[in-house]
Amino acid sequence: MAPFGKIYSYPGNFRVQRAQVVANINGLEVEVPADFAMESTKTPEFLAKFPMGKIPAFEGADGFCIAEGAAIAMYLAGSGPKAQQLMGSVQDIQKRARISEWICFAETELNPQVLPAFVMCVLKYMPFNEASYNNANNNLERALKRVDQATDGGKKQFLVGEELTMADIMVSGPLFFGQGFLIDQKMRDAAPGAIKYLDNLAAMPEFKNVFGEIKKCETRVAAP
Ligand SMILES: N[C@@H](CCC(=O)N[C@@H](CS)C(=O)NCC(=O)O)C(=O)O
């Protein structure tokens with residue numbers, strides 16, 4: 001298989017893991033170089049390709065460069081034989097819109113709720129702010145209930161239609177990640193259908209091969 005491209009990132013980044021799930025489904029060889037160093041994102045060479053200086057950042061074997069985790073995953077989804085399954089067919093504009101709705105949901109209703117606790121309480125890069133912590137957790141609980149409802153209490157295996165799409169891949173990434181430190185037993189008990197849906201996805205080889213065993217915390221991280 002000829003390499004399709006590289007994604008620059010530190011290891012264990014759920015935005016990259018989602019893209020790897022998509023690449024594998026489409027049979028695309030995408031490398032995540034092990035020698036990546038965060039400092040390299042501020043070099044003139046990196047900034048020339050990725051002006052925000054952030055990761056994940058994708059560089060194609062053909063020279064095409066694109067940033068933003070969701071855009072990278074969507075580019076990989078559209079670049080192989082499973083494009084229609086993952087993104088919906090161009091004829092079925094409503095299905096495509098529904099998949100886009102869930103992609104936007106993941107990026108705006110899940111990622112920003114999961115990350116504050118990680119940055120403030122796990123990495124401790126930012127000072128703890130109780131209001132932001134509580135606000136993010138309340139919004140995350142609300143979003144989990146939305147997933148619970150959309151999957152009919154975990155009875156539906158996929159969010160859109162009867163097969164795996166980008167909706168499931170994008171939504172599950174931050175929730176798999178969040179279960180390790182924030183989505184604790186109490187939060188899981190409030191949205192059991194959403195958790196059943198996630199457990200079903202996690203057992204699929206497409207996810208298991210990339211995310212491995214999903215870690216689940218008993219109690220959420222708190223103020224340091
Ligand atoms: N909107 C971007 C955000 C990416 C992001 O915030 N990346 C962080 C690491 S997780 C980063 O590169 N930070 C370096 C910086 O802010 O200079 C995406 O969804 O991909």
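**Figure 1. Gly-5 stands opposite Val-30 in strand β2.** This is a predicted model, in which local features need pLDDT of at least 70, side-chain atom pairs count only at pLDDT 80 or more, and totals for chains, interfaces and linings use all residues. Residues are numbered from 1 along each chain as its sequence is written. Helices (H or I, at least four residues) and strands (E, at least two) are DSSP runs, numbered from the N terminus. Two strands pair if DSSP finds at least two bridges between them. Strands β1 and β2 run parallel, and three bridges join them. Helix α3 (residues 69-77) packs on the sheet and touches β1, β2, β3 and β4. A contact here puts the C-beta atoms of two residues, placed from the backbone, within 7 Å. The direction of α3 makes about 130° with that of β4. For such angles, axes are lines fitted to C-alpha atoms, for helices over the stretch in contact, and angles run from 0 to 180 degrees between N-to-C directions.

**Figure 2. Four strands form an open sheet in the order β2-β1-β3-β4.** The pairing is mixed. β2 (29-31) and β4 are the edge strands, and each pairs on one side only. From one strand to the next, the twist averages 25°. β1 (residues 3-8) and β3 (residues 57-60) are antiparallel partners, over four bridges. Which residue in β3 is the bridge partner of Lys-6? The partner is Glu-59.

**Figure 3. Strands β3 and β4 form a hairpin with four residues between them.** β4 covers residues 65-67, and its antiparallel pairing with β3 has three bridges. Ala-57 has Ala-67 as its bridge partner in β4. Gly-63, in the hairpin, takes a positive phi near 95°.

**Figure 4. A cis peptide bond links Ile-55 to Pro-56.** Its omega is near 10°. Pro-56 lies in the loop between α2 and β3. Lys-54 is in the loop between α2 (44-49) and β3. Is Lys-54 buried or partly exposed? Lys-54 has 14 other C-beta atoms within 10 Å, so it is partly exposed. A residue is buried if 20 or more other C-beta atoms lie within 10 Å of its own, exposed if 12 or fewer, and partly exposed in between; C-beta atoms are placed from the backbone. Leaving out residues up to four places away in sequence, Lys-54 touches Thr-41 and Ala-67. Lys-54 and Tyr-8 are 46 residues apart in sequence, yet their C-alpha atoms are 9.3 Å apart in space.

**Figure 5. Helix α6 covers residues 130-150.** Its 21 residues, at 1.5 Å a residue, should span 30 Å. The end C-alpha atoms are 30 Å apart, which agrees. The expected span is 1.5 Å times one less than the number of residues. Which residues of α6 are buried? They are Leu-140, Ala-143, Leu-144 and Val-147. Seen down the helix axis, these buried residues fall within an arc of 105°, so they line one face of α6. The arc is that of the directions from the helix axis to the C-beta atoms. On the other side, the exposed residues are Glu-130, Ala-131, Asn-134, Asn-138, Arg-142 and Gln-149. The cover over the buried residues includes α5 (93-122), α7 (166-179), α8 (185-190) and α9 (192-203).

**Figure 6. Tyr-133 sits in helix α6.** Tyr-133 is partly exposed because 19 other C-beta atoms lie within 10 Å. Not counting residues up to four places away in sequence, Tyr-133 touches Pro-116, Ala-117, Met-120 and Phe-128.

**Figure 7. Lys-124 and Asp-152 are two loop residues.** Lys-124 is found between α5 and α6. Its phi is near 60°, a positive value in a residue other than glycine. Lys-124 is exposed, with 10 other C-beta atoms within 10 Å. Asp-152 lies between α6 and α7. Asp-152 has a positive phi of about 55°, although it is not a glycine. Asp-152 has 10 C-beta neighbours inside 10 Å, so it counts as exposed.
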